Amino acid sequence: MTLTDREPQAAATALEVPIVDSPPDAQPVSWTHRHLLDVDVLSWPDIELVMRTTDAMREVLGRPIAKVPALRGTNVTILFYEASTRTRVSFEVAAKNLSADVVNIATTTSSVSKGESLVDTVRTVEALGARMLVIRHPVSGAPALAAEVFSGSVLNGGDGWHAHPTQALLDLYTIRASLGAGRDGSLAGRKVVILGDVLHSRVARSNIWTLTAAGADLWLCGPATLVRGFEAWAGRGAAAGRRFHVTTSVDEALRDADVVMALRIQRERMGSGLLPSLREYAARYGLTRERLALARPGALVMHPGPMNEGVEIAADVAAGAQSVITDQVTNGVAVRMAILYLLAGTHPVGTEVA
Ligand code: NCD
C-alpha cells in the first residue's frame, strides 16, 4: 500500500511544534512573517523557531508514514522559471508531507512562454486557488514583486544572485546537527568556509547572513574575480560584530576549518573573462582530499548541488566520509516543511494548522 492509497485521516497524525526543548530563559516566540523572501529579515528567535520546527519535521519524516494534515486543503503552487531538481522536488515533497494540494507549473509549457508577465501569472495562479506560492526566478527581486500582488504567502526558492533562504536555513540546520552547537544554538568558535563562485551565488549571500548571525567565523574564498565586492561586506559585518573574512588563498581559508562548503561555478550567470579556464580553476581552488587535509579532522564537507565533480569538488571528497551533502538534501525537506507550516499560520485566509 502506498501513502496515497490511505485515507488522509488514517495516515495523518497531528503535529505539535515542540517548544519544550528551548533553553529555560528563552521566550516562546511566534512566527509573524507572511512571506519568506530572504533570511535577513529573520531575528535570531525566528531562526531558532525554524530550527526547532525542523526538528519536529525530522521526527515526522522518521515515521512509517511521513504525512501530517497541517496544510490539508491548502493549494501550494510551485512556479519555477529556472532549472532545478532538488529544490523543486524538495518543496513538492515537503508540501505533500503536510497534505497540501500541490500544483507544479513548468514555465516552458505555461503561458509564460507566450509572454505573460510575472504579475499576470501570479494573479492567474491566485485565481486558480493558490494560497502559497513557491517561486524561483533568474531575476533578483522577482519573488518580492510577486509578494506585492499575491494575497497569500510567497516563498523564495532562489532569485538571481540575490537570495536562497531555505538553502541557508537547511545549511545552518545541517551544520548544527552534524557539529553540535552550543546550548544557545551558537556556532561561535567554528570556522566555516564558503569556497568557489561566491560572486554569482545566492546561496552564499543568504548563508553569509545566517552563519554570521549564528556566530560562526565565516571565510569566503575564491579567485579575486569571484569574491570581488565582498570585502566591503566584510568590513560592514565586522563593524556590526560579525566575524567575516574574504581571501583568495585557499590554504589560509581551509586551515583548521570546521566546515567547507564548495559552490558550483555558475557558468550560466558568468560573463567572459572571470576565469581563465575550468581546468585552471579546478587545479587552484577545487576541493581535493589534499586540500581538505588542511581542515580540522572530521571537518564537514557541504555542497548545495548541483555538483560539477572534478571542478569545484573532487568526486572522492563529495562521496567521502566527511561529506554531509545527502544530509543537506534530507534536511532540505524538513526545513521546507517547517517554513510552509510556519507561514501557513500567518495566512490571511485562515488555514487549519493541525
Ligand atoms: C543552487 C541554486 O540554484 O541556487 N542550488 C540549489 O538550489 N540547491 C546552487 C547552484 O545552482 O549552483
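Reader: Which residues is T330 in contact with, leaving aside its neighbours within four places in sequence?

Author: T330 is in contact with R58 and L61, where contact means heavy atoms within 4.5 Å. This is a predicted model, where local features need pLDDT of at least 70 and side-chain atom pairs count only at pLDDT 80 or more, while totals for chains, interfaces and linings use all residues. Residues are numbered from 1 along each chain as its sequence is written, and side-chain values use heavy atoms, with hydrogens and water left out.

Reader: OK, and where is the place of T330?

Author: T330 is in helix 14. Helices (H or I, at least four residues) and strands (E, at least two) are DSSP runs, numbered from the N terminus.

Reader: How does T330 count at 38% relative accessibility?

Author: As partly exposed, because its relative accessibility is 38%. Buried means under 20% relative accessible area, exposed over 50%, and partly exposed in between, with a 1.4 Å probe and protein chains only.

Reader: And how far apart are T330 and T174 in space?

Author: They are 9.4 Å apart, C-alpha to C-alpha, and 156 residues apart in sequence.

Reader: Switching to the sheet: what order do its four strands have?

Author: The order is 2-1-3-4, in an open sheet with parallel pairing. Two strands pair if DSSP finds at least two bridges between them. Strand 2 (101–106) and strand 4 (153–159) are the edge strands, each pairing on one side only.

Reader: How many bridges are there between strand 1 and strand 2?

Author: Six, in the parallel sense, with strand 1 being residues 75–80. T77 stands opposite V103 in strand 2.

Reader: Which strands does helix 14 touch?

Author: Helix 14 (residues 325–344) packs on the sheet and touches strand 1, strand 3 (132–137) and strand 4. The direction of helix 14 makes about 150° with that of strand 4; axes are lines fitted to C-alpha atoms, for helices over the stretch in contact, and angles run from 0 to 180 degrees between N-to-C directions.

Reader: What about Q167, buried or exposed?

Author: Q167 counts as buried because its relative accessibility is 4%. Q167 lies in helix 6 (residues 165–179) and touches V203, P304, Q328 and R336, not counting residues up to four places away in sequence.

Reader: Last one: which residues of helix 11 are buried?

Author: In helix 11 (residues 278–285), those are Y281, A282 and Y285. They cover an arc of only 100° around the axis, so they sit on the same side of helix 11; the arc is that of the directions from the helix axis to the C-beta atoms. The face turned away from that buried side carries the exposed residues R279, A283 and R284.
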